[in-house]
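Trainee: Could we go through this model together, a piece at a time? I would like to ask things as they come up.

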Amino acid sequence: MDFGWTPAQRAVYDRMRALGAEADAAAPDDRMRVLARGGALGLPIARELGGEGLDLVTTALAYEGLGATLRDGGVLLAAGAHLFGVALLLARVGTPAQQRAWLPRMATGDCMATVAATEAGAGSDVASVEARADRTAAGYSLTGEKRYVTWADRADVYFAVARDGGGDAGKAPARGLTALLVPRASAGEPGAARAGAGTAASAARVRVGAPLATAGLRGARLAPVSFCGCEVGPDALLGRAGAGLAVFQIAMTYERALILAFRLGAMERALGEAVRFVREREIGGQAIARHQAVAHRVAQMKLRLETSRLLVYRAAWELDRGQRGQAEAALAKWHVADSAVLFALDDLRLRGGAGYLEESGLPSAVDDALGGSIHSGTSDVLATVVARWLGL
Ligand SMILES: Cc1cc2nc3c(=O)[nH]c(=O)nc-3n(C[C@H](O)[C@H](O)[C@H](O)COP(=O)(O)OP(=O)(O)OC[C@H]3O[C@@H](n4cnc5c(N)ncnc54)[C@H](O)[C@@H]3O)c2cc1C
């Protein structure tokens with residue numbers, strides 16, 4: 001077992017760290033463009049499809065580098081939904097034609113993708129979705145209301161999960177869930193040239209609501225998305241008809257393994273600042289680091305970072321080896337998310353009253369971390385995945 005990084009992996013980390021710093025200095029609206037220009041949206045996509053063909057362990061390291069310098073967790077969440085929730089799924093279950101149609105433009109960020117699964121009555125339990133994918137002569141017609149969709153108003157294509165509504169006059173029986181790639185704009189609609197891959201042509205009726213006022217991760221631009229009789233071709237189908245739940249689980253496995261990799265970098269940065277702070281802050285003539293309670297709090301932050309790191313890289317390694325990785329990904333996401341919340345609380349408490357001021361950025365770091373324990377499966381749901389894996 002080797003815990004070291006190769007020079008090539010170090011170079012990717014350094015490049016992404018520098019890119020994160022550039023994005024951090026950019027206006028919020030420009031950050032995704034900076035990430036796209038710097039190649040962050042194509043790292044694990046095959047070279048022949050416009051990416052860099054990196055393995056997932058190196059990709060996780062790259063996102064750790066981005067998180068070390070880019071403080072906008074919302075944009076990194078959106079980049080992760082695009083790359084890990086959709087692009088990697090396409091690379092795994094998409095047909096060669098689908099991959100050629102979408103991945104080169106997704107790798108450059110010319111086409112942004114996101115996951116549209118959650119509904120009012122189906123958040124944790126995606127099997128209960130009520131959105132319907134009715135089979136038509138030309139493909140599918142999608143109708144349903146999705147909510148809390150990351151990057152909703154900027155996405156060009158949605159990975160949507162819907163109930164298979166069967167076909168005309170009962171000729172084709174319903175078959176569970178169906179996973180579709182649904183372009184936002186159809187031929188003739190604004191943005192169509194950008195979204196249309198020449199495939200999955202949709203007489204799209206996609207309505208996106210205004211971004212929601214979330215507690216944190218504002219840069220992720222969560223919003224509701226309505227599909228109103230949205231027509232897509234048969235080439236919009238991801239995986240087999242009726243196998244939508246399994247397809248969704250694959251997407252979630254990639255997402256859970258990697259979407260919080262950026263948090264490792266964010267925790268590393270915050271830990272360095274916390275160490276400096278407790279050494280420099282003096283009360284009654286001595287640094288607060290001299291208090292065991294304070295020093296242990298910082299040591300606990302280090303433990304949370306290192307255990308998170310191990311689980312993220314382990315999950316990525318399992319996926320690189322072609323394993324299913326469902327439980328490893330759940331363990332990683334669960335542990336990083338919950339550790340990040342406790343880490344952010346400790347970071348704030350170390351500063352006393354100053355930490356409670358908004359200008360310290362620490363209350364919003366807590367809000368951001370909390371979001372991580374909800375998206376891509378809540379910590380309760382991930383605990384259930386792990387318990388099932390244990391045969392419970
Ligand atoms: C920042 C952020 C980004 C998001 N991005 C997206 C996105 O891009 N696309 C998308 O489709 N959705 C997205 N979501 C939605 C997210 O996936 C859901 O909010 C999440 O799955 C929980 O669903 P829910 O909100 O309906 O809560 P519910 O499912 O109603 O859960 C409420 C509570 O009950 C618990 N619970 C529910 N079922 C179980 C169970 N079986 N076992 C144990 N406990 C359970 C939950 O843990 C939770 O504490 C995002 C959410 C957030 C916060």
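Mentor: Let us begin with Arg 290, which has its place in the loop between β10 (286-287) and α9 (292-320); helices (H or I, at least four residues) and strands (E, at least two) are DSSP runs, numbered from the N terminus. This is a predicted model, in which local features need pLDDT of at least 70 and side-chain atom pairs count only at pLDDT 80 or more, while totals for chains, interfaces and linings use all residues. Residues are numbered from 1 along each chain as its sequence is written.

Trainee: Is Arg 290 buried, exposed or partly exposed?

Mentor: Arg 290 is partly exposed, with 13 other C-beta atoms within 10 Å. The cut-offs are 20 or more other C-beta atoms within 10 Å of a residue's own for buried, 12 or fewer for exposed, and partly exposed in between, with C-beta atoms placed from the backbone.

Trainee: And what separates the C-alpha atoms of Arg 290 and Arg 388?

Mentor: Those C-alpha atoms are separated by 45 Å, and the two residues are 98 apart along the chain.

Trainee: Switching to the ligand, which residues come nearest?

Mentor: Gly 123, Ser 124, Thr 150, Thr 378 and Asp 380 come nearest, out of 23 residues around the ligand, where a residue counts as near if its C-beta atom, placed from the backbone, lies within 6 Å. The elements that give two or more residues to this shell are β1 (113-116), β3 (139-149) and α13 (379-389).

Trainee: What is the make-up of that shell, and where does the ligand lie between domains?

Mentor: The shell divides into 11 nonpolar, nine polar and three charged residues, counting Ala, Val, Leu, Ile, Met, Phe, Trp, Tyr, Cys and Pro as nonpolar, Asp, Glu, Lys and Arg as charged, and the others, Gly among them, as polar. Domain 2 (113-242) and domain 3 (260-389) both give residues to the shell, so the ligand lies between them; the domain bounds come from an automatic or database domain assignment.

Trainee: Which residues have a positive phi without being a glycine?

Mentor: Trp 151 is one of them, with a phi of about 60°, and it is found in the loop between β3 and β4 (157-164). Ser 376 also has a positive phi of about 60°, and it lies in the loop between α12 (362-372) and α13. Trp 151 is buried, with 26 other C-beta atoms within 10 Å, and Ser 376 counts as buried with 30 C-beta neighbours inside 10 Å.

Trainee: New topic: what about domain 1 and domain 3, how many residues are in contact?

Mentor: In domain 1 (7-108), 13 residues are in contact with 16 residues of domain 3, contact being C-beta atoms, placed from the backbone, within 7 Å. On the domain 1 side, the elements that give two or more residues are α3 and α4 (73-93), and α3 gives the largest share, nine residues. That side divides into eight nonpolar, three polar and two charged residues.

Trainee: Last one, which residues of α1 are buried and which are exposed?

Mentor: In α1, Val 12, Tyr 13, Met 16, Leu 19, Gly 20 and Ala 23 are buried. Seen down the axis of α1, these buried residues fall within an arc of 130°, so they line one face of the helix, the arc being that of the directions from the helix axis to the C-beta atoms. On the other side of α1, Pro 7, Ala 11, Asp 14 and Ala 25 are exposed, and what covers the buried residues includes α2 (31-37) and α3 (56-69).

Methods: Two residues are in contact if their C-beta atoms, placed from the backbone, lie within 7 Å.
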